[in-house]
Each structure stands twice: as C-alpha cells, then as structure tokens.
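Okay, thanks for coming, everyone. Let me put the model up, and then we'll talk about aromatic rings.

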Amino acid sequence: MPALPHHHSRHQINYDPTPAHELIDGLEPDQLVSATSRPLQRMQLPLKVHIGLWTLRIFLLIMTGLIVYTFVYQLP
Amino acid sequence: MSLGIESAGRCDEPPPPLTAEDRDRSLDRVRVMQARSRRRRWLVVWLLLGPGVLAMLGENDGPSMLSYAASGADYGIGFFVPFIAVTFAAAAVVQEMAMRLAAVTHRGFGELIFQRFGRFWGWTAAADLVVTNLVTLISEIIAIRVGMAFFRIPAPVAVASVLALVVINSLGNRYSRWERVTMGIALFNLIFIPAAILAHPSLGDLGRAVGTWSPLPGGSSQQVLLIVASDIGATVTPWMLFFQQSASVDKGMTPADIRQGRVDTILGAALAALAGIAALVAAAPLFYHHVSASAIQGGTGFAQALRPIVGYAPSVLFSVGLIEAGAVAVLTISASTAYALGESVAGGAHSFNNSWRASPIFHSANLILAAIAGAIVLIPGAPLLDITLNANLLATVLMPATLVFLLMLINDRALMGRHVNRRAANLTAILIAGLVTVAGSAYAIVAALHP
C-alpha cells in the first residue's frame, strides 16, 4: 500500500546526509523516519462498519457514564 | 509489506538521509543482525526482549496487585488463581497482535488509527487512552505513596520521587537504555513470589485451585463482578496495546523478529501471571483469618493488615512490591501516553532515541501527565481510594473499542500482507473482546442499579 506524499517536517534539522552504509543496512527502507513520517492512505470503511463503530462508541459512553455515576454516588 | 518506499540501500541511488533517531535504532538493529548471522539464538532473544515483558509487568501495577490481593483476601486460594493465569493468556493473544502490527508497519497503534480511520477516531482513541491513563497514573502514585507510607516516607517525597524517576529515565536519549533500566526495575515485580512463599500457602489448595477452579467465589454478585471485572482490567488494558506497539516500533522490530517478539510477549505474560498469583497467595492468609479486603481499604493497606498475621518480612516485601509495581507502571503508562500523543500530533517525534529538544511533545507528555497525577494525589481529601478501585474498571469498560480497532488493523491485508490474523486468532480475539465487554458492562449496570 503506498504512503501518501510527505507533508511533515519532522526531524529534518537533524538529518545526517552521509550515513555509513552499515547503519543504512541496519534498518528496513520503510523503517526510516523519512518513510514513517508519510501518512498511510485512509481506509474506506463501509457504512455498516461506521454504524458498528458508532454503536459501540455510544454503548461504551453509556457504560462509562454508569461507572462515573457509581463513583460519584459512592463518594463519602 | 510495501509502503511504497523501496529505494534505500540501492547502489544506483544516493543513501537516504538518517536522523539521530534512525542512527540509534540502526545501531541496535545491527547488533541483532550480527547475533542472528552468527546463529547466537539466545542473544537474539535477549536483544529483542523488552516491549512484551514491560507491557505485562507494567500492567502488574499498583491497582492490579491490590485487586489480586483483594481476590485473595476475600476468596482465598481458589477460582482466581487459574482465572488470573487465563486473563494473562488472553492478554498475550492481543499483545502479540500489537507486536506484529509494529513489526510489519513500523508505526504505533495511535498513528495507525489516525491514518487508517481518520482524525475523529484517532482522537477518540487517544482521548480514551489519556483519560484511562490519567486515572491509572493517579492510582499508581497512590500505590507508591501507600508503599512508602509503610516505611514512614511522607507523601510529597513519594510524589517527587516518582517525577524524578520519570525525568531521569528519559534523559538517556536512547530507547534501549530506557528499556533496560525499566526492565531492571520491573524484575522486582517478582518480589511478590517470596512474599507468597513466606505466607506458607497450602500446596494442596493451590493444586486443587489450578485443577478444579474451585472453590468458586461466593457472596454478593456485585462484589464478585467487581473483582472479576477488576482482575480483567488488571490484565487486558488499552495502554498495554498502545505501549507494546509503539515500543516495538521504537525498538526497531521487523517481520524477521516476530518469533522473538512472541517469546517476549509470552515470557512477560508468564512472569506477570506468576507475580499476580503470588500477590493473591500472599494476601490469602487474610481470608483464613476472616479479614475482608473492604475492611482493609479504609486503613493503610494490605501490608499493615498482613503484618500481625504473617510477620514483618512478608509485609515489607508486599510494600516494596507495591512501590515497584507503581514505579514501573508510571514509567510504562506515561510512556504509552507520550507515544500516543506524539503519534497523534502531526510532525511530533515520538521516540526515546530523541532528546527533549528534538521530541518536546513526547517528553513533555511523558512528564506532564505524571505531574498532574501526582498533584491530584497530594490534594487534601481527594477520594484516592475510590479512584484506585475504579481505575481498572474504567480500563475494562473502554477496552472493547481498542480491541475492535486492533482486530480491524491486524486483518487489514493492505497493511499486513501475509501477516494478517488467522481464523483461530480472530475467533480468540473476538471471544476475548466479548468477555471483556460482558464483564465491564455487567459490573457497570449492576453497580449503577445498586450503588
């Protein structure tokens, strides 16, 4: 899967322009900061997945609300 | 996996520029590659140990050890001994997936959610993590404070010690240094084992518990649900996934290291389960002397309650264990927050291989969250005990969302290629997600109906 074009300026001030080959060989190409700084393409989620994620989120918010309610109720 | 960047290392192209972060990571990787080429298998395993062991032993934190101790005090040696082992097996299953995601994608969990699902879900996951981590960090510092109180060390000194530990440990500017120092501290988690031995447990009871899962816990369903949900929250939590994945990325793991990553994860789970069961066994004498955990919670802790029953030495070990459990958890949990925030903020560097100057967001987040937690602990009259009891429950309740993202990412063939989950792993992970959801929501509903 292709990465998106580079938008970040992260770490550019500290680049070593002539690294030793041993160090380059130590990392996989897609492991370099210059590679991992490029965001991946966004996944196209089907509608049913969106609905599932929202349903789960609402359910978890209700459960969290219940935990918070019990916590506040039990305070001395 | 191809991320569309394949030119590095070709002789017809200039070498890619390396950052300081790349250079340090590469130095660590070269050692692994040399050990592998010389067929020194144990050295390879040793070099690749870290994220799994730290995630698991980090999760054996203050509230977790107190939760296991409460299980032992309220129900003795029985159902909860094999139950703790099973929950760590479940943790190993999902943590292995996080490690595999890291080795294949070289990106953190928060980063992947942001990039593959969009900013909304990315920030939602990050918010879940920050909230649960803040609550958990408060309870870690409470555990350290309680442990130090046993030795008459005042609370402000305890909090200052925690913050000093976070700062000093991040000054090394090398992931490998941070990891090895934290692992060294984490091994003291096993101090609960001699504490358990000194409690003189019945081997017959232990064998019967492992073989038959009995005696089953009795009493009120709400209390049993609280302990079950709390013990689950003590082993399978969102921060562990974020931490192990980001730490594996920081370590520089690749698909070639997945086998050793599994060893790291399973070893961590086994050590953590041993220590967790040991905490339960160490507190079991309270059950036999009919001292309930709820009666202890109003006092100064398990260590002091155990002292008249099992003597001074096990109490000291229990207190030191609590301090250690809280300290390692503060380091790993604040690191997971720092990684997640560093990954969430565009352009934010997120590596222990970077200095404070190169990674200001990462290192500041690491310290600031711990400082906020410490400040809350020092507020006079703050409901510290209630916060501690609810920390694991909050993690349990919010865990299903994290597990769903994990399952979607690990089955993303465009991302993982041939490293996607197999059917058995998916079924196991779905079962775990279901159990976590049922346990967390059952307690939330029952407790709200009968507060």
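Tyr339(B) and Phe352(B) are both buried, where buried means under 20% relative accessible area, exposed over 50%, and partly exposed in between, using a 1.4 Å probe and protein chains only. Bear in mind that this is a predicted model, where local features need pLDDT of at least 70, side-chain atom pairs count only at pLDDT 80 or more, and totals for chains, interfaces and linings use all residues. Residues are numbered from 1 along each chain as its sequence is written, chains are lettered from A and ligands numbered from 1 in the order in which they are written, and side-chain values use heavy atoms, leaving out hydrogens and water.

So what counts as an aromatic pair? Rings of Phe, Tyr and Trp (its six-membered ring) pair if their centres lie within 6.5 Å; planes under 30 degrees apart are stacked, over 60 edge-to-face, and the rest tilted. That rule gives 23 aromatic pairs over all chains. Take Phe79(B) and Phe80(B): they're edge-to-face, 5.1 Å centre to centre with 85° between the planes. Phe79(B) is buried at 16% relative accessible area, and Phe80(B) is buried too, at 1%.

Back to Tyr339(B) and Phe352(B): this pair is also edge-to-face, at 5.8 Å and 90°. Both rings belong to one aromatic cluster, along with Tyr175(B), Trp178(B), Trp239(B), Phe243(B) and Phe362(B).

Last one: Arg180(B) lies over the face of Trp46(B), 4.5 Å from the ring centre. For that call, NZ of Lys or CZ of Arg has to be within 6 Å of the ring centre and within 35 degrees of the ring normal.
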